[in-house]
Amino acid sequence: MIIATGSPSFDATTFEYWGALLHDGQLVILPEEQLLDPVQLTAAIRHYGATVMWFTASWFNQLVDSYLSVFEGLSAVLAGGEKLSAAHVSRFRAAYPGIRIINGYGPTENTTFSLTHIIDTDYEDGNIPIGRPLGHRRAYILDESRQLLPVGAIGELYVGGSGVAIGYLGQAELTASRFIADPFVAGGRLYRTGDLARWQADGTVIYVGRQDEQVKLRGYRIEPGEIAHVLTASGYVQQAVVILHTDAQGIRRLVGYIVPASDYEESLLQSYLLTHLPDYMIPSVLLCLSSLPLTANGKVDKRALPAPDAGSLLRQEYVAPVSATEQALSAIWSDLLGVSRIGVRDNFFDLGGDSIITIQVVSRAKRAGYTLHPRDLFHHQTIGRLAAYLDSNAVTSILTEQGLLSGESGLLPIQRWYFERTVEQGGVSAVHFNQSVLLKIADTVDEIQLAGAIDALVRQHDALRFSYKHTSSGWQQLYNNIPNPLAVVDLTNISTSELVTEIPRRCEHFQRNIDIEEGPVFEAVLFRTSAEVPDYLLLVAHHLVVDGVSWRILLEDLSLLLSGAPLGSKSSSYRQWYAALESYAARPGVLSQLPYWQDIVNGYQPLRTNYTLEGPVRTSVIKEHMVRLNATLTRQLLQEVPAAYHTDINDVLLCALLQVLSKWNSSDRVTIGLEGHGREDIASALDTSRTVGWFTNLYPVQLLLERDAGPGGQLQSVKEQLRQVPDRGLGYGVLRYLSASAMMTGRNDWEVIFNYLGQFDQVSGAAGLLSPVSDLSAGEDVGGDFMVRHLLSINSMISEGELVLSGI
């Protein structure tokens, strides 16, 4: 599954379009605004199950800097078009060691890629190889006499083999200069790239730089002389020269130096450029000079051209930002554009802004608490207009609650399900029911820094400060200000070999220490070890306050805090979501679901069993069985099967489960309890994407196995049956626990539970500050005396590129 990132005229599409379509893959083409908005792009990658994407080097760097989580879920990333930044690649690899990253090199004249290199190490010298020639391709590094050069010698890179273009349409002279006969292969042709390169001893090629004046920007190869020709041909410019300038912020932009004609008007010139050049070739900055500096030989002296000062382009009368929004936006623009003073009338693009920089603006604006999209900067190009847009009703208003929350929050259906279960457990304090994660911490993080980050995390996510009180009318969920300091356990005197047993033993103590009535419901524990091994961090929370999505949020935010980045405003609160569910429960369409769910419940058929146990079954007597699907088969499951049947992995796994249970129970109909994330789109004014809490949606589905349909037909049938479940099952829990017409069956509605947790390879934080631990236990999340009502519970996830299935 490939999401295309370029326009149809961009040569990378030959890889994206045909690479997908000619190999039974799927291709998704998104609008530009969705591609440039990292939030929307992230959602699209998750929604479509994209596995491979191509990014220009500049775009890749921007995303690594501002929205690293966008890559989660991909199996391979290709980057290139410009020289890759070793620092950005290293950060990416530290965060996503399971994602393959490939440096792709190739001019348009050789049809997309000529050489590629799989990056499997860090390059401290900053020189990432562009790799080796692809199959049926050739690459030579030649001197000026077109003789082969030895390893280490710098020369011009020539590429040949399959893919070499016929030439430039209607430009015979240029074709003859760039496309030559291959002196080493009879009948072969080569293209002169104009790039300087050198061979390494291992057979890979290092890109050194450009031999001529041709430049590359955002993946596009540009001839500055062509732009200068268009400028002078406009009639508004007498002389012109264009260069690619890199400022102190590392921002690369085209700068045009012009000697204006007598009737020069910038607005008319800009209009002319828009109709004669693609947008990527239009200079970001135009500087008017009385004359162009010349060398002694009469050529333009580019070294003598004045450095572009974006501040000199402030043509409007300066009007200082006044409102909080104006001041925040001005500070963001100033930092990104390198302009010390920006007023409310100054234009973003006049100051050198472009579509890539809009991504950074959006990221920083969101951290400052503003909901912004890249397209908004194109529609509202000045500080004043953009601030007014954000402050007006034109912006989609998201309901949130800021500060430390207090008071009560209603219980969601899944929480009421839990408390219903505790009656038979002998009370909530009888056995713990937690989720946890054990992490290694980088040596650069000290105890004070970590304690501050944990404190900020608990203040940001109010669910971590919940407490619960049992009253005559049932359980209450309350926000409180219970202090939640970082607990520190000193294990510096414990040997490395003893840590294997000591850390799990200590973790078990903190697992049992979680108390929903007296507190805490969340605890962070630092295990300080000797200098020989890293310190460990245990994060443990009662399941009432977290779910799988919550852990992604918590680890990402903790990483941001440890990196010194602010978290920005809170998203919608847990109790605001509860209020939305109450409103949802009263909708006629939801109430009309009642007969549907009653039919599902009434159609439940018990599973056949081999043994009859006396008394309750507890977790202490249950054994977990785990199987893994190798990476090759997992990749086929994630890519090839969905492409062939237009399904997702959840459909495939449920179809397989249905086949097994149907055969076991000698019945075509099987009832399965499904777990979903529960954060459905039922209220446009709410955003729970950054809200921590237990949102899980648990509901039954009754699936029919069409035995005569064959495997493919059965898969299609299961997919259609699942699509017919109203609102992804949200109505079941709402009708049972929140509606006046609640379905109180008083019994199990299923004996098998299935949950697909997604791809968990990159759940830990970014920047290499936090990393998951797989060789040490974090203690038992669920107490041994917890009573189990189901016969089989299956959890599935993608870990280390493999499908992992665990059944208990």
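Colleague: Quick one on Gln460: buried or exposed?
Modeller: Gln460 is buried, since its relative accessible area is 16% and anything under 20% gets that label. Keep in mind that this is a predicted model.

Colleague: OK. Which helix does Gln460 lie in?
Modeller: Helix 14, which covers residues 447-460.

Colleague: And what does Gln460 touch, leaving out residues up to four places away in sequence?
Modeller: Leu567, Gly568, Ser569 and Lys570.

Colleague: Let's move to the helix itself. At what angle do helix 14 and helix 16 pack?
Modeller: About 135°, with 9 Å between the axes; helix 16 is residues 548-562. The two helices are therefore oblique to each other, because an angle has to be over 145 degrees to count as roughly antiparallel.

Colleague: What's the handedness of the crossing?
Modeller: Right-handed, as helix 14 passes helix 16.

Colleague: Which residues make that contact?
Modeller: From helix 14 you have Gln449, Leu450, Ala453, Ile454, Ala456 and Leu457. Helix 16 puts in Leu554, Asp557, Leu558, Leu561 and Leu562.

Colleague: How do they divide into nonpolar, polar and charged?
Modeller: Nine are nonpolar, one is polar and one is charged.

Colleague: Zooming out, how many helices and strands are there in the chain?
Modeller: The protein chain has 23 helices and 33 strands. Of its 808 residues, 52% are buried.

Colleague: What about contacts between residues at least 6 apart in sequence: how many join residues at least 24 apart?
Modeller: 70% of them.

Note on methods:
Residues numbered from 1 in each chain as written. Predicted model: local features only at pLDDT ≥ 70, side-chain atom pairs only at ≥ 80, totals over all residues. Heavy atoms only, no water. Helix = DSSP H or I, 4+ residues; strand = E, 2+ residues; numbered from the N terminus. Buried < 20%, exposed > 50% of the residue type's maximum accessible area, 1.4 Å probe, protein only. Contact = heavy atoms within 4.5 Å. Axes fitted to C-alpha atoms, helices over the stretch in contact; angles between N-to-C directions. Parallel < 35°, antiparallel > 145°, perpendicular 65-115°, else oblique. Left-handed = near helix turned anticlockwise from the far one by under 90°. Nonpolar A, V, L, I, M, F, W, Y, C, P; charged D, E, K, R; others polar.
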